[in-house]
Amino acid sequence: MRNLQVEGRQIPLDKEGYLREMSDWNPSVAVQLAQAEGIVLTEAHWEVITLLQDFYHRFELSPAMRPLVQYIRQHLGTDKGRSIYLMQLFPPSPAKIASKIAGLPKPTNCL
């Protein structure tokens with residue numbers, strides 16, 4: 001089992017780097033998870049993370065790419081609700097990487 005060291009706490013991760021317990025998530029954990037992916041979180045990242053968490057709480061699942069794009073488009077408009085925009089923020093797989101940073105489970109249909 002892998003662990004993430006955040007603010008003196010050991011946060012358990014699964015073999016792919018996702019949180020074992022969603023309750024361990026907080027913004028500091030998100031920053032550390034993002035750094036492990038080579039991502040520095042900006043306001044644009046946080047917009048997507050917040051919407052992704054909202055999606056999860058509403059539908060009880062982490063969205064695959066197509067539903068994620070549609071949800072972002074509904075809430076942030078067509079400029080941000082595009083695959084290419086999300087790829088720039090969360091390469092190489094926005095649904096997987098954004099879910100991981102948001103403290104959510106891996107989307108079920110992502111390899």
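Start with Ile101: setting aside neighbours within four places in sequence, this residue is in contact with Trp25, Ala30, Leu33, Ala34, Ile39, Leu41, Ile49 and Phe90. The model behind this picture is a predicted one. Ile101 also turns up, together with Phe90, as one of the two residues touching the most other members of the largest nonpolar core, a set of 32 residues. Helix 2 gives the largest share, with seven residues.

Stepping back to the fold, the protein chain holds five helices and two strands. Read from the N terminus, these elements follow the order β-β-α-α-α-α-α. The radius of gyration comes out at 13 Å, close to the 13 Å that the globule rule gives for 111 residues, so the protein chain is as compact as a globular protein of that length. Along the principal axes, the C-alpha trace spans about 40 × 25 × 25 Å. As for contacts between residues at least 6 apart in sequence, 46% of them link residues at least 24 apart.

Buried residues make up 43% of the 111 in the protein chain. On the charge side, the protein chain carries 12 positive and 11 negative side chains, and 7 Å separates the centres of the two sets.

Definitions and conventions:
Residues numbered from 1 in each chain as written. Predicted model: local features only at pLDDT ≥ 70, side-chain atom pairs only at ≥ 80, totals over all residues. Heavy atoms only, no water. Helix = DSSP H or I, 4+ residues; strand = E, 2+ residues; numbered from the N terminus. Rg over C-alpha atoms; globule rule 2.2 N^0.38 Å. Buried < 20%, exposed > 50% of the residue type's maximum accessible area, 1.4 Å probe, protein only. Contact = heavy atoms within 4.5 Å. Lys, Arg positive; Asp, Glu negative; His and termini not counted. Charge placed at Lys NZ, Arg CZ, Asp CG, Glu CD. Core = buried A, V, L, I, M, F, W, Y, C linked by side-chain atoms within 4.5 Å.
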